[in-house]
Each structure stands twice: as structure tokens, then as C-alpha cells.
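Please look over the chain below before reading the numbered points.

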Amino acid sequence: MIGIKGQIIKALSGFYYVEANQKVYQTRGRGNFRASNQKPLVGDFVEFESTNDKEGVLLKLFPRKNELVRPPICNVDKGIIVMSAIEPDFSSFLLDRFIVTLEQLMIQPVIYVSKCDLIEDRTSIHQMCQYYEQLGYTVFYSHQENVLSTLKNVLQGKLSVLMGQSGAGKSTLLNELLPELDLKTGDISTHLGRGRHTTRHVEVHDVEGCFIADTPGFSAIDFFDMSLQELEQCFVDFFTFKQDCQFRGCLHTHEPHCAVKKQLDTNVGLNQRYQHYVQFHDEIKNKKIIYKK
């Protein structure tokens, strides 16, 4: 039998659901995947065989361009970082954690600010986000007119993941994009200041040609598998200045005649991001997560 090529769109209870030729097949992995220490993930391009849509068998996994551990998904094109304006409060520190995670994997970040209707004065959030727009990142606000249709245009034909702090509104956003999904949304825990996890598995949903995975929210990301050099490369705002640093391979911390540090007094956005960079640098160096609200 000639193998069929497709992409895994859901993994649940040992079954892998593969979309191929506008049809979804339920499959299981072969034992040789376990023997070779391979585990199929949502997003994997695969080859499988099937006599019907309920009893397929995976035969082969094709090479991945990237892979996320939390959530377990691969071959991602864009990461939609959902940041709430309030409850929990907007945090540029947490936003930069997500951006660094995506930049390391060469996934394009898209920033979506939710719950904008719950605050009267959005000036400070707009000012912070304007700097990210200057860096080339796309920013959406939930109160914008036609925000969903504009977002869909940006995500068209791409596999995207929803990321963000628990309670930020990922499931709410996906419900707005695909109302028939009717995902359960969690209440905010006022005691902890974060939402309860409500998403139980990773699944890709076709939203008018945009392929979006709803993924569990998490508020802690560690960078322990990243080198200091890789971290530095994830800050795109350093690119403009670092070519003028005296030392090649400058990490912009203790080195003299650093061109990035020379800009900090006159560039507020760069200064704030640099402070986050230093904290991430220390995390990697000391192998200890630094928490900041």
C-alpha cells in the first residue's frame, strides 16, 4: 500500500489524528517510533497507511523545522502571545519571556492585547506596544475595529500557537475566532492572580484557512537550554547598535565600550528591554529562574 502524507492536528489518548486530502484519519504510532526514541507531535508532517479513517498506522515522521516542549507541538510558523491589559495585569517582562522563546525557535511573534475594554486609560500599554511595533512585531488590541478579520489575514495559511499567562484570554480569543468550538474558559483566581488551566490537550483548528492550536497557558518559562550567545541574538533591538561594540561577540553586560549600553539613557524602550535581558542573562548564568510581576 502506498503511504499517505498528512499532518497531525490532534494527539489524544495514544491516537494521532492526521489531516490529509481534506479528511481526518485516526491513527496509531508504530512500535519502532518508541524504539528509536521518536514521539509524534501535533504539527508533525507524516506518512501513514489506512484502509479506513479509524484504523490508520503512522509509518514515518518527516524532519521538523522547530519544536516546542510546552506545549508539545512542532513546525510552528507564528506564536500569538496573548497579553491581558488587566486581570492579570499587562507585563512587558513576561511578554519578553515569550518573545525570546519564540525568537530562539525562529517562530514569528504576534502580540494580542486582550481585555482592553476593561480599562479606561490604555495610554501606557499603547506606549509600550509602540516600541514592539517599531521592532517589527505585529500588535493587535481587542478593542480594535475588525480586529479578528485583520488577525486572520496575518495568520492565513500558517500554523500558529496561542501563548500567554493563564487567564489572559487564549480560549476566549479562540472562541471568538471559531464560535462553534465553545471552549471552556477559566475563572480568574483572585487569590493567586492567575487563571486556572482549562485546556486539556493540543489540537489544531482550521479558522478560515488559519491553522491555530489551542495550548495550555503557563506563566513560567526557563531558558536553561539556551546559551548566552543565543539569548543575545533573540533581542532584535540590539542588532542596530551591536555592530559598533568594541568587542566582537559582546554580550552587553560587563564589556567596556558597548554600543548597546551607550543607547540606554536616550532610548526608553531599549532600556526596559535591556533590563529584562540582564535578568534573563543572569537566569541562564545561574540556572535559576528570576520571577517578576
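1. Glutamate 283 is buried, with a relative accessible area of 0%; buried means under 20% relative accessible area, exposed over 50%, and partly exposed in between, with a 1.4 Å probe and protein chains only. The side chain of glutamate 283 meets that of arginine 97 in a salt bridge, 2.8 Å from N to O. The two residues join distant parts of the chain, arginine 97 being in helix H2 and glutamate 283 in helix H9 (residues 268–286), 186 residues apart. Arginine 97 is also buried, at a relative accessible area of 3%. A salt bridge here is a side-chain nitrogen of Lys or Arg within 4 Å of a carboxyl oxygen of Asp or Glu. Helices (H or I, at least four residues) and strands (E, at least two) are DSSP runs, numbered from the N terminus.

2. On the source: this is a predicted model, in which local features need pLDDT of at least 70 and side-chain atom pairs count only at pLDDT 80 or more, while totals for chains, interfaces and linings use all residues. Residues are numbered from 1 along each chain as its sequence is written, and side-chain values use heavy atoms, with hydrogens and water left out.

3. As an overview, the protein has 9 helices and 15 strands. Of its 293 residues, 47% are buried. Among contacts (heavy atoms within 4.5 Å) with a separation of 6 or more, 64% are between residues 24 or more positions apart. The accessible surface is about 15300 Å², and carbon and sulfur atoms hold 47% of that surface; accessible areas come from the Shrake-Rupley method with a 1.4 Å probe, and for residues only the protein chains shown count as cover.

4. How many salt bridges does the whole structure have? A search finds 8. One of them pairs aspartate 44 with arginine 64, whose closest N and O atoms are 2.7 Å apart. Aspartate 44 is in the loop between helix H1 (31–35) and strand S4 (45–49), and arginine 64 is in the loop between strand S5 (56–61) and S6, so this pair ties together parts 20 residues apart in sequence. Aspartate 44 counts as buried at 0% relative accessibility, whereas arginine 64 counts as partly exposed at 29%. Glu67 belongs with Asp44 and Arg64 to a network of salt bridges.

5. Lysine 152 and glutamate 208 form another pair, their side chains meeting in a salt bridge of 3.1 Å, N to O. Because lysine 152 lies in helix H4 (residues 147–155) and glutamate 208 in the loop between strand S14 (203–207) and strand S15 (210–214), the pair ties together parts 56 residues apart in sequence. Leaving aside residues up to four places away in sequence, lysine 152 touches Leu177, Val207, Glu208 and Cys210.

6. Helix H5 (residues 170–177) has 6 of its 8 residues buried, so it is largely enclosed by the rest of the structure. The buried residues are Lys170, Ser171, Leu173, Leu174, Asn175 and Leu177. They pack against strand S8 (78–84), strand S9 (108–114), H4, strand S11 (159–163), S14 and S15.

7. The second largest pocket holds about 300 Å³ of space. Of its 14 lining residues, Val69, Arg70, Thr101, Asp222 and Asp225 are the closest to its centre. A pocket, on a 1 Å grid over the protein atoms alone, is an open set of points where a 1.4 Å probe fits, with protein on both sides within 12 Å along at least five of seven lines; lining residues have an atom within 4 Å of a point. Grid points are joined across faces, edges and corners, and a volume is the space filled by probe spheres set on the points. Strand S6 (67–68) and helix H2 (92–104) each give at least two residues to the lining. By class, the lining has 8 nonpolar, 2 polar and 4 charged residues; Ala, Val, Leu, Ile, Met, Phe, Trp, Tyr, Cys and Pro count as nonpolar, Asp, Glu, Lys and Arg as charged, and the others, Gly among them, as polar.

8. Tyrosine 16 lies in strand S2 (residues 15–20) and is buried, with a relative accessible area of 11%. Its C-alpha is 5.1 Å from that of threonine 27, 11 residues away in sequence. Not counting residues up to four places away in sequence, tyrosine 16 touches residues including Ile8, Tyr25, Thr27, Lys39 and Leu58.
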